[in-house]
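Please look through the sequence and the model shown below before reading on.

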Amino acid sequence: MKRKIIIFVLIGVFATSFLGLTAFSVTRGISVGEKRQEYFDIYLAQAREYIESSPEILDKYGNDISIEFDKTVTYLAEGERSFSDLIIDTFFPRVPDTIEEFALETEKLGFNASINGDEYEIIFTKDLTGKLTLSSFEPVNK
C-alpha cells in the first residue's frame, strides 16, 4: 500500500513540475518574442525610411507611395547551433538585451513589403563592422 502511495506522489510531483516548467517556458517564450519583435520593428523602420527615400521607388511610383509590410520575417542567427542548443532554447529561450547585441548575433534579417501592390524583399546582412545593414532591395518575381 505504501508503494502505491509513493508512486502516485512521485507521479503527482513529476506532473506538477512538468506543468510548471511548461508554463514558465511559454511565458518566457512570449516575453522573448515581444522583445525580438521590438528589434525587428527598428529594422522595419529603417527599411521604410530607405524605401521612402529611394530614387528608384520615387521615380517609379512618385511621392504617393503605399508601403505595407507583411508579418513574415526571415531571421538567421549567426553560427552553428547544436541539437542541445535547440532543446535549451525551447525551454529557456533568450534574446539579447540590446539592439547592438542582437545585430552581433544575427547573420541575416529579411522582410517582405508591398509597395503600391508590387512585392519586394528587403534583406539586412552583417557588414564588415558587425552591424546589420540593408544589403538587398529586390522585386519579388512570382
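## The sheet and what surrounds it

Four strands make up an open sheet in the order E1-E2-E3-E4, and their pairing is antiparallel; helices (H or I, at least four residues) and strands (E, at least two) are DSSP runs, numbered from the N terminus, and two strands pair if DSSP finds at least two bridges between them. E1 and E4 are the edge strands, since each of them pairs on one side only. From one strand to the next the twist averages 20°, where axes are lines fitted to C-alpha atoms, for helices over the stretch in contact, and angles run from 0 to 180 degrees between N-to-C directions.

This is a predicted model, in which local features need pLDDT of at least 70 and side-chain atom pairs count only at pLDDT 80 or more, while totals for chains, interfaces and linings use all residues. Residues are numbered from 1 along each chain as its sequence is written, and side-chain values use heavy atoms, with hydrogens and water left out.

E3 and E4 pair in the antiparallel sense over seven bridges, and Ile 123 stands opposite Ser 136 in E4. These two strands form a hairpin with five residues between them, and Gly 130 in the turn has a positive phi of about 95°.

Helix H1 (residues 2-53) has 52 residues and spans 76 Å from its first C-alpha to its last, close to the 76 Å expected at 1.5 Å a residue; the expected span is 1.5 Å times one less than the number of residues. H1 lies across E1, E2, E3 and E4 and runs at about 125° to E1. Among the buried residues of H1 are Tyr 39, Phe 40, Tyr 43, Leu 44, Ala 47 and Ile 51.

Which residues form the one salt bridge found in a search of the whole structure? Lys 60 and Asp 118 do, with their closest N and O atoms 3.9 Å apart; a salt bridge is a side-chain nitrogen of Lys or Arg within 4 Å of a carboxyl oxygen of Asp or Glu. Lys 60 lies in helix H2 (residues 55-61) and Asp 118 in strand E3 (residues 118-126), so the pair ties together parts that are 58 residues apart in sequence.

The table lists relative accessibility, for which buried means under 20% relative accessible area, exposed over 50% and partly exposed in between (1.4 Å probe, protein chains only).

| Residue | Relative accessibility | Class |
|---|---|---|
| Lys 60 | 51% | exposed |
| Asp 118 | 30% | partly exposed |
| Thr 74 | 36% | partly exposed |

Thr 74 is found in strand E1 and, not counting residues up to four places away in sequence, touches Lys 108, Leu 109 and Gly 110.

Notes. Contact means heavy atoms within 4.5 Å.
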